[in-house]
Amino acid sequence: MNVALRRPMTVDEFLAWECQQELRYEFDGWQPVEMNGSTYAHSVIATNVWRFLVDNLPQGWRVVSRDLQVRMGSRVRYPDVAATRARLQNQDRAIPDPVLLVEVLSNSTAIVDQTSKAAEYTAIDSLQHYLMLEQDSAEAVLLSRSDEGWIETTIVGLSLEIALPALGLSLPMLAAYKDVLPPSA
């Protein structure tokens with residue numbers, strides 16, 4: 001029996017290939033992974049977090065949405081929101097030295113966001129916070145770097161805030177979920 005063995009794509013091959021695609025793909029270190037469309041809730045939560053960071057971080061911070069990549073060795077991901085102090089040029093396609101990465105969880109991506117991406121993101125030397133936000137409830141999981149390693153904190157309820165000390169601020173859950181969940185949620 002003759003079986004053709006497929007070899008993994010390299011990250012350089014992926015980056016060259018991706019530039020020619022109409023759709024957006026992530027790269028899992030082996031093959032392209034098509035990015036699914038998002039829901040209204042997903043879009044609004046990501047935009048709310050982006051807006052809050054843009055409005056509240058001091059000068060020198062750059063906040064970007066899901067259109068720029070984060071590259072980690074042989075993997076390429078598109079976080080929903082990222083914050084960095086690194087300088088960005090107009091033609092840049094990747095976010096250098098992210099300090100905060102945010103993913104809004106969905107049924108189709110939650111497992112990858114909570115496992116593979118968590119492992120990939122927390123291996124980034126500059127990263128201090130990885131925030132995962134649920135779509136259908138006011139619930140967030142925050143991974144924060146400490147001297148002892150990564151600390152996981154679960155935040156549940158619109159009246160609470162998500163402490164992001166590396167950014168010098170706290171994100172109110174009410175701000176993240178504005179126009180998605182009723183204030184009584």
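1. His42 touches Arg66, Asp80, Val104 and Gln135, leaving aside residues up to four places away in sequence; contact here means heavy atoms within 4.5 Å. A polar atom of the His42 side chain lies 3.2 Å from the backbone oxygen of Val104. A polar contact is a pair of N or O atoms within 3.5 Å; within protein, one must be able to donate a hydrogen and the other to accept it, and residues adjacent in sequence count only if both atoms are side-chain atoms.

2. The model is predicted: local features need pLDDT of at least 70, side-chain atom pairs count only at pLDDT 80 or more, and totals for chains, interfaces and linings use all residues. Residues are numbered from 1 along each chain as its sequence is written, and side-chain values use heavy atoms, with hydrogens and water left out.

3. His42 counts as buried because its relative accessible area is 7%. Buried means under 20% relative accessible area, exposed over 50%, and partly exposed in between (1.4 Å probe, protein chains only). The C-alpha atoms of His42 and Leu133 are separated by 9.2 Å, although the two residues are 91 residues apart along the chain.

4. His42 belongs to helix H2. Helices (H or I, at least four residues) and strands (E, at least two) are DSSP runs, numbered from the N terminus. H2 covers residues 40–56, and its 17 residues should span 24 Å at 1.5 Å a residue; the end C-alpha atoms are 24 Å apart, which agrees. The expected span is 1.5 Å times one less than the number of residues.

5. The buried residues of H2 include Ala41, Val44, Ile45, Val49 and Phe52. The buried residues of this helix pack against several elements, among them strand S3 (62–65), strand S7 (98–104) and helix H5 (173–176).

6. Six strands form an open sheet in the order S3-S6-S7-S8-S9-S10, with mixed pairing. S3 and strand S10 (149–156) are the edge strands, each pairing on one side only. Two strands pair if DSSP finds at least two bridges between them. S8 and strand S9 (residues 139–146) pair in the antiparallel sense over five bridges. Met132 has Val141 in S9 as its bridge partner.

7. Ser126 sits in the loop between helix H4 (116–122) and S8. Ser126 counts as buried because its relative accessibility is 18%. It touches Asp97, Pro98 and Val99, not counting residues up to four places away in sequence. The Ser126 side chain reaches the backbone oxygen of Asp97 at 3.5 Å.
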